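Work through these exercises with the structure open. Try each task before you read its solution.

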Amino acid sequence: MKVLVAVKRVIDYNVKARVKSDGSGVDLANVKMSMNPFDEIAVEQAIRMKEAGTVDEVVAVSIGVKQAQETLRTALAMGADRAILVVAADDVHQDIEPLAVAKILKAVVDQEQPGLVLAGKQAIDNDMNATGQMLSALLGWSQGTFASEVAVDGDHAVITREVDGGLQTIKVKMPSIITVDLRLNEPRYASLPNIMKAKKKPMDEKTAADYGVDVTPRLEIIGTAEPAARKAGEIVGSVDELVAKLKEAGAV
Amino acid sequence: MAVLLLAEVTDGELALDATAKAVTAAAKLGEVTALCCGASAASAGEAAAKIAGVTRVLVAEDESLGHRLAESTAALIVSLADDYEHIVAPATTDAKNVMPRVAALLDAMVISDVSGIVDGNTFERPIYAGNAIQTVRSTDAKKIVTIRTSTFDAAGDGGTAPIDTISAVANPGLSEWVEDKLAASDRPELTSAGVVVSGGRGVGSEEDFKLIEALADALGAAIGASRAAVDSGYAPNDWQVGQTGKVVAPALYIAVGISGAIQHLAGMKDSKIIVAINKDEDAPIFQIADYGLVADLFAAVPELTERLK
Amino acid sequence: MDFAPTEEQVAIFDMAYEFGQKHIAPFAAKWEKQETIPKDLWPKVAELGLGGVYVSDDYGGSGLSRLDATMVFEALSMACPSVASMLSIHNMCGGMIDKFGSEETKQKWLPQLCSMEKIFSYCLTEPGSGSDAAALRTRADRTDTGYKLNGNKAFISGGSYSDVYLTMVRTGDVGPRGISAVLVEDGTPGLSFGALEQKMGWRAQPTSQVQFDDCEIPAENLMGEEGRGFTYAMAGLDGGRLNIAASALGGAQFALNTALQYTGERKAFGKTIDQFQALQFRLAAMEIKLQAARVFLRQAAWKLDEKAYDSVKYCAMAKAFVTDVSFEVANDALQLHGGYGYLADYGIEKIVRDLRVHQILEGTNEIMHLIVSRQMIADRG
């Protein structure tokens, strides 16, 4: 079975996002970028499946600016076999919406014919939590979101999902789209030899136009602002008042 | 224009709080039709009909709609979509599973986790884990929206909406439910807990740390401790929050009998809401607390525990 | 001319940094107290190819350049200079064996070195010879089957902890040409260790004297050719100096990062202390020093990779400069922390203690200056 893993280049999770002074978005110039942490878990899952023998090829795909090739290189260094870069934006500040990403991924799936698509459950930049579900809808495939356990067995997969209040286990028909949650695994570090080997692995470069997908955003960004600043603290007079304040703030 | 609200139904019952909060948001967009679906959903439908602001309730009962499997639930919503400009749901994990699928089937972008409604096309939502708030204007004919419930008040009761029963659409048969496991009621892990109650040297003894534990249990919170409390033997090592202990950032952090040495602050200053209870009104912890209570913890903590149970 | 690290170098740095932050930094204080590094760390290190950084992939190594390696050790050292330096010594041994060992020697030792099943220490310094290493006195006398060793080595990082000791011994006459390199395995009769040294820094690495009393080793444990040991030792030191400098730089960068954070949090006289101009000047000075050190270090590493004729001089200059400014920056970071910097909690005083020795070992910084001036005078003619 071939697995397609979708990975996104995002601001490094250790870097604090700062809103640009003109309110047009978050400043991404000269900021350390990395692979979306949830996508790293998806790559790890794919590689483990290959090591276990259930998968014979792992193809990483990224859609965005040209620099996303670094992110794909990371996936290759972790153990993916080859990569497809779909250049869909020139400016690092232009986020390609999940709907357009899903459409491009659908076209890639049509070409590559994988038996499974893995992706992170959401990207830590736009926090949309949508691409996997949308791709699944466009393909008419089953979906298993927020996976913390995945077992593929022939024509179906059993997936444990992290849902509000606990865990849900479902059985889905293959082929399927599975989006992964934090507890699925701990991604490996790329070893030095694999980092060096990654540059020799094949990486195709395409554009959104190659797949005939219009990436014009459906959501126009009106403005981006810092969240309301922390209110100055206050001294409350009694437990009653404290409870009232906490309820008002939605904290209890 | 009309709004279709996917009510949160769990095992046949309405999750009233989440649904009522989403109703408040949805009512800003137009007349709200609440859709209750599941293997059984009639009782949820009745509950939804009583929420003020709901003008109509649709109930769809079918085995394939049980456990809110995304494929069948999305197919049902899409079959109803012609009549609505907005399709809305509370941003629960169930709705987040379903709504992007609905959006893609309608060739529209989903607008997730909306925290503010500017107008029928314009929404505010947090991005970058809440480090920024973005305002977006949708150019889609249909708007598929999930609502961050914590920013809306729940709609009241008193509604008398008519209830119509509708049928499910053909089950695409892509997935089936196996089992649910509710989270164990044990205390959550310190670094990932939504609420943390921490005790300091002011607690005075290992025995009195039970006060902290009782408050934590009342809140479903993890327990933390200052280094001073750990060093004094009141609390085990792995409870320590601070520079040399664990770094936490829960939604609510309650510091009890903690003076607020800079080592401790380093481990919890990113918490969303900080409460400090200390009898020393000059304790540095009050400088960073959102709510400070100058009081004897031995009186205040049991009272607070009782109130929050 | 290009000052940007390559995509691979960025990936190498990031990997080593992330690994260090996760698997070393949280335990650095504990290991220092225990005066040892748990051996179960090393297989995890080796899995990432960090056990044989310079060793060619024929023997299980990663085949990196000296420049690449400075990034590895700078990044790891941001977690703990003591652990990073221990690994750099093991790698220096690997680099020497890979470069100078016979095919048999490489086949025998390098795979276990790369997998870190065996940890290697390097034994050059003696109680009576440090800067004048060529005066070393540990004898290796020929026997029917190999060599019999007698003598003492001092300040050996990993002494009593490591599995193999790459040891410089005297097989011939007085002077550098009488020196050979041999490998002595732990457990060899006649090999023993002094008590653990009580040190100012680098406390996580066990350090002791290594003693040879009629310690017999087989002839095949000769590394390279007899009489060439001093050349090997000096060649190994160039790379070793780069790594000692890189480790100092990483430790200092951690200290500066911590201080920058702290000065934005700590308040005095009603404002955060980073609002005081005197402290702003100090932060800038620290940044300038470390950025200059980094460029200089990488240039020296590049010279060594390119086998530039003046690479020895550049490695010496970089070692002296980088370790000096790194210590200054770490010490300044402690000062910016005030009283808290003096407490163990913030990890700053540990960095200051750890980095002090970087100015002393792998050739003291005074010896570095001698190397530089001798080369200058030789070039003048």
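**Exercise 1.** Find where A:Gln113 sits in chain A, and decide whether A:Gln113 is buried or exposed.

Solution. This is a predicted model. Start with the place. A:Gln113 is in the loop between H3 and strand E6 (116–120) of chain A. Next, check the backbone. Phi of A:Gln113 is near 55°, a positive value in a residue other than glycine. Now count neighbours. A:Gln113 has 10 C-beta neighbours inside 10 Å. A residue is exposed if that count is 12 or fewer. So A:Gln113 counts as exposed.

**Exercise 2.** Locate the peptide bond between A:Met174 and A:Pro175, and state its form.

Solution. Look at omega. For the bond joining A:Met174 and A:Pro175, omega is about -5°. The bond is a cis peptide bond. Then place the proline. A:Pro175 is found in the loop between E9 and strand E10 (176–180) of chain A.

**Exercise 3.** Trace the open sheet strand by strand, and name the edge strands.

Solution. Follow the order first. The sheet runs E11(A)-E5(A)-E4(A)-E1(A)-E6(A)-E10(A)-E7(A)-E8(A)-E9(A)-E13(B). That is 10 strands with mixed pairing. Now take the ends. Strand E11 (203–207) of chain A and strand E13 (175–182) of chain B are the edge strands, and each pairs on one side only.

Zoom in on one pair. Strand E5 (residues 82–87) of chain A pairs with E11(A) in the parallel sense, over five bridges. Within that pairing, A:Val86 has A:Lys206 in E11(A) as its bridge partner. Finish with the helix that covers part of the sheet. Helix H2 (residues 68–78) of chain A packs on the sheet and touches strand E1 (2–6), strand E4 (57–64), E5 and E11 of chain A. The direction of H2 makes about 165° with that of E4(A).

**Exercise 4.** Describe the side of chain A that touches chain B: how many residues are in contact, and which element gives the most?

Solution. Begin with the totals. In this contact, 59 residues of chain A meet 66 residues of chain B. Then list the elements of chain A that give two or more residues. They are helix H3 (98–112), helix H4 (131–139), strand E7 (142–153), strand E8 (156–163), strand E9 (166–173), strand E12 (219–225), strand E13 (234–236) and helix H6 (239–248). E9(A) gives the most, with eight residues. By class, this side of chain A has 31 nonpolar, 15 polar and 13 charged residues.

Strands join here too. E13(A) pairs with strand E18 (residues 291–294) of chain B in the parallel sense, over three bridges. There, A:Val236 stands opposite B:Leu293 in E18(B).

**Exercise 5.** Work out how H7(C) and H9(C) are set against each other.

Solution. Take the geometry. Helix H7 (residues 229–265) and helix H9 (residues 311–336) of chain C pack at an angle of about 25°, and their axes are 8 Å apart. Angles under 35 degrees count as roughly parallel. So H7(C) is roughly parallel to H9(C). The crossing of H7(C) past H9(C) is left-handed. Their contact has 19 nonpolar, six polar and three charged residues.

Chain C also meets chain B. Four residues of chain C are in contact with four residues of chain B. On the side of chain C, two are nonpolar, none polar and two charged.

Terms used
Residues numbered from 1 in each chain as written. Chains lettered and ligands numbered in written order. Predicted model: local features only at pLDDT ≥ 70, side-chain atom pairs only at ≥ 80, totals over all residues. Contact = placed C-beta atoms within 7 Å. Helix = DSSP H or I, 4+ residues; strand = E, 2+ residues; numbered from the N terminus. Nonpolar A, V, L, I, M, F, W, Y, C, P; charged D, E, K, R; others polar. Pairing = 2+ DSSP bridges. Axes fitted to C-alpha atoms, helices over the stretch in contact; angles between N-to-C directions. Parallel < 35°, antiparallel > 145°, perpendicular 65-115°, else oblique. Left-handed = near helix turned anticlockwise from the far one by under 90°. Buried ≥ 20, exposed ≤ 12 C-beta atoms within 10 Å, placed from the backbone.
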